[in-house]
Amino acid sequence: MAHEMRTPIESGCPDGFQYMHPVMRKNYGQWAYHEDPQPGVLVHTAHSGDKIWTVRAGTQRILDVFTLRTLCDIGDKYGEGYVHFTIRSNIEYQVADEAKVEPLIKALRDAGFIVGGTRNSVAMMSHTQGWLHCDIPGTDASGVVKSMMDELIGEFTNWNMPNRVHLTTSCCQINCGGQGDIAINVQHTKPPKINHDLVSNICERPSVVARCPVAAIRPALVNGKPSLEVDEKKCICCGACFPPCPPMQINDAEHSKLSIWVGGNHSNARGKPTFQKLVASGIPNNPPRWPEATAVVKKILKTYKEDAKDWERMNDWIERIGWPRFFEKTGLPFTKYHIDNWRGARASLNASTHIRF
Ligand code: SF4
Ligand code: SF4
């Protein structure tokens, strides 16, 4: 007997309203203002007079089932059964009763979670997927985040910074990842080494050739087999050829480094969005704790904390003091690698005596 086809399940983004706390649903678009009673807690007041408290706790983004269940159990027992996640992997609990806030915070802390990440703190670091879920990373991302946030925990749970600080990490140079006040990104430092025996079996050569932003890859015959060759003088070591053709081996423990960029800001609330700029390069990609990269991040944060005026974001602070003073104050060495001379960037090529960063 023929089976009836089941109705397909529509995928896509579900309607978010069904998951919202009833007070949020009722006052949607009608919020008057919000306050920050303590780190990790927000209280929103609606024009109707309704209030809702939000308690924010940091999580590790890639959550195991046990941790998710623990977080949900806390929400059912101490909250009102409603949570959502922020784009920086924080979980947020909403309650309409102020008396529930302190027991909820205590339950989270007792279970080992940290509450904070609001206002002028170092928010939870956002990161790409690393070795857990991607085939092209040159470093782990979750590991770097864990090591760094362990050392910055006091900055997450307190309001010590001049303004909010967003940190990001990216595990390749080309795909996901984001702008941050401080971004820790992988940096390849040598052209790919081609495993010619594998190219003809694995790679679609035209797509690899097309991938290269500086046209450094050409088809070639090697030992009588179709393969590829790289013009190493042109190659900018971006790693874009590696995803479509893993035999273009660019990742390696010694030459895949970390770099640190600062001053990126998506927001155009008070000024134009800004691009982050490279301030430290060639940092060893040194698992499991990445001490060298963490030391640079801490140095930048310490200088920013001491020197920036209240409510200056990282990019505002640097714009006020200027890039030369940024390097002086942080003690980071300024090298030739900080000068933008990428041959493809005609518009930003250094063609005058002015130094650009
Ligand atoms: S940043 Fe690159 S390597 Fe990392 S998860 Fe995204 S695409 Fe993969
Ligand atoms: S690393 Fe980038 S620049 Fe170099 S050959 Fe590959 S795609 Fe081209």
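Analyst: For residue classes, Ala, Val, Leu, Ile, Met, Phe, Trp, Tyr, Cys and Pro count as nonpolar, Asp, Glu, Lys and Arg as charged, and the others, Gly among them, as polar. On that basis the shell around ligand 1 divides into 6 nonpolar and 4 polar residues, with no charged ones. The model is predicted, so local features need pLDDT of at least 70 and side-chain atom pairs pLDDT 80 or more, while totals for chains, interfaces and linings use all residues; side-chain values use heavy atoms, without hydrogens and water. Residues are numbered from 1 along each chain as its sequence is written, with chains lettered from A and ligands numbered from 1 in the order in which they are written.

The shell (a heavy atom within 4 Å of the ligand) consists of Thr128, Gln129, Gly130, Cys134, Ile136, Pro137, Cys171, Cys172, Asn175 and Cys176. Ile136 and Cys172 from this shell also line the second largest cavity. A cavity is a set of points on a 1 Å grid over the protein atoms alone where a 1.4 Å probe fits but cannot get out; a pocket is an open set with protein on both sides within 12 Å along at least five of seven lines, and lining residues have an atom within 4 Å of a point. Points are joined across faces, edges and corners, and volume is the space filled by probe spheres on them.

The second largest cavity has a volume of about 30 Å³. Besides Ile136 and Cys172, its lining includes Gln173, Ile174, His188, Cys238, Gly239, Phe242, Ile250 and Asn251. Its classes are 6 nonpolar and 4 polar, with no charged residue.

In total there are 2 cavities of 30 Å³ or more. The largest holds about 90 Å³, and of its 15 lining residues Cys212, Ile217, Cys235, Cys238 and Cys241 are closest to its centre.

H9 supplies the largest share, 3 residues.

H9 (residues 314-321) packs on H8 (residues 291-307) at about 70°, with axes 11 Å apart. Axes are lines fitted to C-alpha atoms, for helices over the stretch in contact, and angles run from 0 to 180 degrees between N-to-C directions. H8 and H9 are therefore roughly perpendicular; angles under 35 degrees count as roughly parallel, over 145 as roughly antiparallel, 65 to 115 as roughly perpendicular and the rest as oblique. The contact (heavy atoms within 4.5 Å) joins Ile300, Thr303, Tyr304 and Asp307 of H8 to Met314, Trp317, Arg320 and Ile321 of H9. It comprises 5 nonpolar, 1 polar and 2 charged residues.

On H10 (residues 323-330), the axis comes within 6 Å of that of H9 and crosses it at roughly 105°, which makes these helices roughly perpendicular too. Trp317, Ile318 and Ile321 of H9 meet Trp323, Arg325, Phe326 and Lys329 of H10, a contact of 5 nonpolar, no polar and 2 charged residues. Trp317 and Ile321 take part in both helix contacts.

Two backbone details remain. The peptide bond from proline 287 to proline 288 is cis, with omega near 5°, and proline 288 sits in the loop between strand E14 (277-283) and H8. Arginine 61, not a glycine, has a positive phi of about 70° and lies in the loop between strand E3 (51-58) and helix H2 (65-78).

Notes: Helix = DSSP H or I, 4+ residues; strand = E, 2+ residues; numbered from the N terminus.
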